[in-house]
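Let us walk through this structure step by step, beginning with the terms and then moving from one part to the next.

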Amino acid sequence: MSPGWPAELQHGRVGLRPLKVRDAREWRRLHDANRDWLTPWEATLPEASGPGFLSVRSMIRTLRRRARQGQSMPFVVTWDGEMVGQMTVSGITMGSARWASVGYWVAQSHAGRGITPTALALVCDHLLGTVGLHRIEIAIRPENEASLRVVQKLGFQRIGLAPRYLHIAGRWCDHWLFQVVAEDVSEGMLARLEPGAGR
């Protein structure tokens, strides 16, 4: 298990807590209600990969198993304690690399409230501080303007275009890659959201 996991993070009305098997029903309800909002950006499995998860519960169990193995941190994103999305840290690599990738989604009903930037800042501060990672990467499709605004607001550095990076909605799609490294955010990511932070 990774240092710093399990973890509960909070700032104002925005919180993060570990995803649990008992969240399956609410996760499915929320995801189904936002299917049109999320489908254009969600990863899919190529046909050659075979069937995906049999159920939401099996997906959650897999993520929790990876978390126990120190490879992942699956968070529920909350607003006033209510589940409104998910943020998952994956590919956690220690040793000489010390990096991980972060992906996220939030319900359309709660978009535009600053929830995602705040949640991402909380997770980044946790990873760069408590966990001791050096680098965090986020991959975003060039067409995903809402997600691009999140990394721009937090001052992530765009490092290049990865052609055919991820399978989305049935095809391989290009993604912009963004990163932040520990020495560039000595003040912490959350501080970048404060008024007058200059971002």
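A residue is called buried when its relative accessible area is under 20%, exposed when it is over 50%, and partly exposed in between, using a 1.4 Å probe and protein chains only. This is a predicted model, in which local features need pLDDT of at least 70 and side-chain atom pairs count only at pLDDT 80 or more, while totals for chains, interfaces and linings use all residues. Residues are numbered from 1 along each chain as its sequence is written, and side-chain values use heavy atoms, with hydrogens and water left out.

Arg135 has a relative accessible area of 17% and is therefore buried; Arg135 belongs to strand β6, residues 135-140, where strands are DSSP runs of E with at least two residues, numbered from the N terminus. Its side chain makes a polar contact with the side chain of Gln179 at 2.5 Å, a polar contact being a pair of N or O atoms within 3.5 Å, of which, within protein, one must be able to donate a hydrogen and the other to accept it, and residues adjacent in sequence count only if both atoms are side-chain atoms.

His175, found in strand β8 (residues 171-181), counts as buried because its relative accessibility is 2%. A polar atom of the His175 side chain lies 3.1 Å from the backbone oxygen of Cys173.

Methods
Helices (H or I, at least four residues) and strands (E, at least two) are DSSP runs, numbered from the N terminus.
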